[in-house]
There are 2 protein chains.
Amino acid sequence: MIKILNLKLSPPSLKDNVGDADRLLAGLKKELKTDDVKIDLKMLKALPNILRRCNYKIKAVLSAGRDGFGLVKTTEADKKRVFAGIAVDLGTTMIALALINLETKEVMQKVSFINPQVTIAADVLARIHYADNEEGRKKLNRLVINGINNNIKKLSASASILPKDIYCLAIAGNTAMTHFFLSLPTNYLIREPYIPAVNTPPIFKAEEIGLELNKFANVFVFPNIGSYFGGDIIAGILFAGMHEKNEISIFTDVGTNAEVVLGNKDWLIGCAGAAGPALEGGAAKIGMQAGAGVIDKVVINKNSGFKISTIDNLPPIGICGSGLIDLAAQLFLYGFIDKRGKFADSVCADRLIIKDEIKHLIIVKKGDCGANKNIMISGIDIDNLIRSKAAMFTILETITKTVGIDFASLSDFFVAGTFGYFINPESAISIGMFPNISIEKYKAIGNSSLKGAILFLTDPKLIKTVDKIRDMITYLELNVNQEFMSRFSGAKFLPHTDAYL
Amino acid sequence: MIKILNLKLSPPSLKDNVGDADRLLAGLKKELKTDDVKIDLKMLKALPNILRRCNYKIKAVLSAGRDGFGLVKTTEADKKRVFAGIAVDLGTTMIALALINLETKEVMQKVSFINPQVTIAADVLARIHYADNEEGRKKLNRLVINGINNNIKKLSASASILPKDIYCLAIAGNTAMTHFFLSLPTNYLIREPYIPAVNTPPIFKAEEIGLELNKFANVFVFPNIGSYFGGDIIAGILFAGMHEKNEISIFTDVGTNAEVVLGNKDWLIGCAGAAGPALEGGAAKIGMQAGAGVIDKVVINKNSGFKISTIDNLPPIGICGSGLIDLAAQLFLYGFIDKRGKFADSVCADRLIIKDEIKHLIIVKKGDCGANKNIMISGIDIDNLIRSKAAMFTILETITKTVGIDFASLSDFFVAGTFGYFINPESAISIGMFPNISIEKYKAIGNSSLKGAILFLTDPKLIKTVDKIRDMITYLELNVNQEFMSRFSGAKFLPHTDAYL
């Protein structure tokens, strides 16, 4: 997004009376080999004194736009300064920021915090309803903007810079979140035919968004493909680099929703799990968020029972989504649950109790629990997990079958997202959530939305790449895909009803 | 500057889930045959409801920029509304506004008023010194912006529209005035090598300039060629159309300064009189401004003496610049002054009096004067007039000789400006201010700066034309022109020392 140039201009004379701004722009255009370099009013006002103070030897910071560059800073060429940028992953639940030194391209500081909009509602749909009136929309917008501003202040302070040293911000998020970020109407996002106010937002000035950065800073919002396929996925593809590969790879982001992209340098096809009926509960929502004392791994040993490991090795207090997948895989392997996910009474034996008329399997007894309660999993939890994994697999199956690709021919299987980061691929394969391909093809790439935004900040050429990725993606609407539902029914077994895997 | 389109978009569906803004932009791009159509944040927020309310049949108002179009309004296609624009001639002394109906291209209302900056200082130089500190610069800026805003309100009211119905403003003025309008530093304009902060200002949003128009309105400032060659002249060339002619023509704007442009469709060369030492007093400044009772024409009759005519035929109260030229021509013709401009005592006889040790010629006796005083012209007035006419002629001579053109081969001699409008070409030829070419070649085109701005508003293609005119002009710096001073000395006679005219 940003280009930093050192430039030596020839000073004006009676024979060369070109205006200050025009002189600088001509120099920049020559250097950047483009006719499109823009300057704004505030910069025009400051420029005459800057140019003379630095004797026409300047350092220029430029922000790449779709139609060229915009000047965001000019200063003395030899002055020591930090030029910083902010990358943002705008999640429904968590927001992650990274502060980048634009010259060294290093990450200076990182922080993540709970999206302050959760005080209004945890889920997207409820927030969209809350935003139906303008007051609500404005409140949701203020919450997220203030949250980002406050955390930028903290990040800046801990990196010993000022918010005014930040010259650009790139933000990737799902479509609803970026609409809230821009205070755009969200009501048509959730009504058929599910239309965003904008797919490709223009580049904004920080101050028109209400962000407290340098007054010339630009804000880039990653484009979306549709209401359920957001800029976070475009950023993820950018980071994974699948748009540059000859081989076909697949990208999945398992978060609140599940988005999947398949393709290579010539084509990309994408679809989103919010279109599937079962992911509304969301695999990531079963269990609790990963944290100290949370069970992230379960192994069943025939003799010694359930062996668990917890984050930071603290006494267990609950189980997270990835631990659940491990658990379900082991339960199925050792016959605690059948292929429909129903508890086998004889195997479960005294671990099975009835609570609120629902069967629960005790994983950790009250005495061994850090929270002084039985850690249990209910038949409903298993059911939700199976519906989630079925949706995940069905999306993977539908998208590959649509283009006639076998799972085996994929070169890489990128698993994005914090949740995806903790998934044990072997367990996910065991329960039929992921296809049975070589384990080494699975690549957990973490927060690829944030990483894509970081990458974007450091290279002005990537704006064209992002638009190219956006244009390359064919969006497969699962709602209107008649095969999806029959595949989904078949996937609601452990691992599948299909024989071929 | 403005294009108005009626557009029918196909409504979205599950199979065509393109976002609202992207759908509209795609339609506009197709219609306008360009990839560059922009939309801003406020429009993005409003668009989803607008599109659905008007069932995807919309009227779009677009403002042409250097790199494409910007959307400034979308509304129901069949709704009756006025889309208006404002053209401004920003003069040092007077500001003229015209309110334009952008669809019919008619001028709805016009007004002109004294530039409120005259309360700070009448002349440009004093204003520039006043703007040396930021407080002063801001005050000068506020004066002109408030003056324009107030008069826009009045114009709108008398045309029964609202300022928010105004979608664009095009402003042409000299370089210093446009710098004040944009609150740009002016201190380097008057210091060698005379450098403007900017030659070609970008297109601004009305609100960043402080103008109270529609919130999406764009503001176009005509580019300048240098500190002494402003956008008013570019607008004048645009209006005169000399950049499109095969024949060579000349354009002069005789105001506080005198600017001259020579050329045709292939080349243009320009210079400005502020570079000449004598026009600082300015031909237009001798005498008073044209108004009721002001002498605008003088004929000397051997028998009956001085025959004068006044504006509105009221009793004479003074003489204006163009009347002075007539007067000087007649005085020279009838021997009242010699070729050096000195009074001939014997011819002047009892019309000549000494006042404050300076010779004065009585034109109208106290008894016949509407202001109960002798209307007189002093030796110094004649001297100033001769220096002014000499500067004017020297500029004309220098510019034509530089490219080796005879006055006789010019197809048109455009005389712009209010002052130029009243000049009698025969008198101007008689005193050697204008060259001795056929009278019918002289074309008084009035306020060509305002007329150029009006023209500009109605045709989006003219933004490229204006930039082309700007690029075509070679600026001839008279300060460094050694021949200028010797020519100037020769021109300080009536009509010239040269024999060839």
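How many Å separate the centres of domain 1 of chain A and domain 2 of chain A, taken over C-alpha atoms? The separation of these two centres is 30 Å, in a predicted model where local features need pLDDT of at least 70, side-chain atom pairs count only at pLDDT 80 or more, and totals for chains, interfaces and linings use all residues. Residues are numbered from 1 along each chain as its sequence is written, while chains are lettered from A and ligands numbered from 1 in the order in which they are written.

Chain A is divided into domain 1 (2-76), domain 2 (84-221), domain 3 (241-280 + 385-491) and domain 4 (294-378), with bounds that come from an automatic or database domain assignment. Where domain 1 of chain A meets domain 2 of chain A, the contact takes 11 residues from domain 1 and 11 residues from domain 2, two residues being in contact if their C-beta atoms, placed from the backbone, lie within 7 Å. On the side of domain 1 of chain A that touches domain 2 of chain A, at least two residues each are supplied by strand S1 (2-8), H2, strand S3 (57-65) and strand S4 (68-76) of chain A; helices (H or I, at least four residues) and strands (E, at least two) are DSSP runs, numbered from the N terminus. By class, that side has 5 nonpolar, 3 polar and 3 charged residues, where Ala, Val, Leu, Ile, Met, Phe, Trp, Tyr, Cys and Pro count as nonpolar, Asp, Glu, Lys and Arg as charged, and the others, Gly among them, as polar.

The relation between the two chains comes next. A rotation of 180° with 0.1 Å of shift along its axis superposes chain A on chain B with an RMSD of 0.1 Å, the copies being superposed by least squares on the C-alpha atoms of residues with pLDDT of at least 70 in both. That is the relation of a two-fold axis. Of the residues of chain A, Asp67(A) comes closest to the rotation axis, its C-alpha lying at 3.8 Å. The same surface serves both copies, in that 100% of the contact residues of chain A recur in chain B.

The contact between the chains takes 41 residues from chain A and 41 residues from chain B. Helix H1 (20-32) and helix H2 (41-53) of chain A each supply at least two residues of the side of chain A that touches chain B, and the largest share of that side, 6 residues, comes from H2(A). The residues of this side divide into 22 nonpolar, 9 polar and 10 charged.

Some details of the backbone remain. Most residues other than glycine have a negative phi, and most peptide bonds are trans. A cis peptide bond joins Leu494(A) and Pro495(A), with omega about -15°, and Pro495(A) is found in the segment after helix H15 (482-491) of chain A. In chain B, the peptide bond from Leu494(B) to Pro495(B) is cis, with omega near -15°.

Lys105(A), a residue other than glycine, has a positive phi near 65° and sits in the loop between strand S6 (94-101) and strand S7 (107-114) of chain A. Lys105(A) counts as partly exposed because 14 other C-beta atoms lie within 10 Å; a residue is buried if 20 or more other C-beta atoms lie within 10 Å of its own, exposed if 12 or fewer, and partly exposed in between, with C-beta atoms placed from the backbone. Glu357(B) also has a positive phi, of about 65°, although it is not a glycine, and is found in the loop between strand S17 (352-355) and strand S18 (358-364) of chain B. Glu357(B) is exposed, with 5 other C-beta atoms within 10 Å.
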